Amino acid sequence: MPRPARQPIGLHLAQVAKVVSRAFDNALAEAGGSLPVWLVLISLKSRPSASQRQLAEAAGIQGATLTHHLNAMESAGLVTRRRDPANRRVHVVELTPAGDALFLRLRDAAMTFDKQLRSGLPDRGIGQLEDLLTQLRRNVT
């Protein structure tokens, strides 16, 4: 079987995504967090009082996995959970001052990381990259 003239784009994308993802995880870890924590914090900043189900949808984290992360975040004093008085089956999650402070640190780390990723790329190139990535997503969904 002849070798392709160029590496398959799916393989290249998967390899680049893995490297970028690891680097982003490391940047968040250095700031005291992780990607799941960052996703929960961002979701709570946009919706300050959210149910666990709403958080799971917004963060793209499965229910049981989200519960695991929320347990750890609650133990660390980053969030509080309480039952919704209108529906006792629903847990409402809110940020604490410590959670808000971690959000700011992780936001700064994410912004610094984004700046690093954009380094050397012209604005037009970034727009093209976003368009290409969107088209790749469309191609597989």
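This is a predicted model: local features need pLDDT of at least 70, side-chain atom pairs count only at pLDDT 80 or more; totals for chains, interfaces and linings use all residues.
**Entry 1: Thr96**

I started at Thr96 and, skipping its neighbours within four places in sequence, found it in contact with Gly77, Leu78, Val79 and Thr80. I then checked where Thr96 sits, and it is in the loop between strand S3 (87-95) and H5. Buried or exposed, this Thr96? I get 14% relative accessibility, so Thr96 goes down as buried.

**Entry 2: H1 against H5**

Next I moved on to helix H5 (residues 97-118) and looked at how helix H1 (residues 9-30) packs on it. I find that the axes of H1 and H5 come within 9 Å, with a crossing angle of roughly 145°. The hand of this H1 and H5 crossing is right-handed. Which residues make the contact? From H1 I listed Val20, Ala23, Phe24, Ala27 and Leu28, and from H5 I listed Leu106, Ala109, Ala110, Phe113 and Leu117. Sorted by class, the contact of H1 with H5 gives me 10 nonpolar residues, no polar and no charged ones.

**Entry 3: H2 against H5**

I repeated the exercise for helix H2 (residues 35-46), whose axis comes within 10 Å of that of H5 and crosses it at roughly 110°. Angles of 65 to 115 degrees count as roughly perpendicular, so I put H2 and H5 down as roughly perpendicular to each other. H2 passes H5 in a left-handed crossing. On the H2 side I noted Val37, Trp38, Leu41, Ile42 and Lys45. These meet Gly99, Asp100, Leu102, Phe103, Leu106, Arg107 and Ala110 in H5. The class tally for the contact of H2 with H5 is 8 nonpolar, 1 polar and 3 charged residues. I see Leu106 and Ala110 in the H5 list here, and I had also written down Leu106 and Ala110 for the contact with H1.

**Entry 4: aromatic pairs**

How many aromatic pairs does the structure hold? I count 2 aromatic pairs. One of them is Phe24 with Phe113, 5.1 Å centre to centre with 40° between the planes, which I log as tilted. Phe24 lies in H1 and Phe113 in H5, so this pair ties together parts that are 89 residues apart in sequence. I looked up burial for both rings. Phe24 has a relative accessible area of 17% and is buried, and Phe113 is buried too, at 8% relative accessibility.

Then I took Trp38 and Phe103. Why do I call this pair stacked? The ring centres of Trp38 and Phe103 are 5.5 Å apart and the planes are at 20°, and planes under 30 degrees apart count as stacked. Trp38 is in helix H2 and Phe103 in helix H5, so the pair ties together parts that are 65 residues apart in sequence. For burial I have Trp38 at 8% relative accessibility, which counts as buried. Phe103 is at 11% and counts as buried as well.

**Entry 5: back to Trp38**

Leaving aside neighbours within four places in sequence, I find Trp38 in contact with Phe24, Leu28, Phe103, Leu106, Arg107 and Ala110. Phe24 and Leu28 are on my list for H1, while Phe103, Leu106, Arg107 and Ala110 are on the H5 list from the H2 contact.

Note on methods: Residues are numbered from 1 along each chain as its sequence is written. Side-chain values use heavy atoms; hydrogens and water are left out. Axes are lines fitted to C-alpha atoms, for helices over the stretch in contact, and angles run from 0 to 180 degrees between N-to-C directions. Helices (H or I, at least four residues) and strands (E, at least two) are DSSP runs, numbered from the N terminus. Angles under 35 degrees count as roughly parallel, over 145 as roughly antiparallel, 65 to 115 as roughly perpendicular and the rest as oblique. A crossing is left-handed if the near helix is turned anticlockwise from the far one by less than a right angle, and right-handed if clockwise. Contact means heavy atoms within 4.5 Å. Ala, Val, Leu, Ile, Met, Phe, Trp, Tyr, Cys and Pro count as nonpolar, Asp, Glu, Lys and Arg as charged, and the others, Gly among them, as polar. Rings of Phe, Tyr and Trp (its six-membered ring) pair if their centres lie within 6.5 Å; planes under 30 degrees apart count as stacked, over 60 as edge-to-face and the rest as tilted. Buried means under 20% relative accessible area, exposed over 50%, partly exposed in between (1.4 Å probe, protein chains only).
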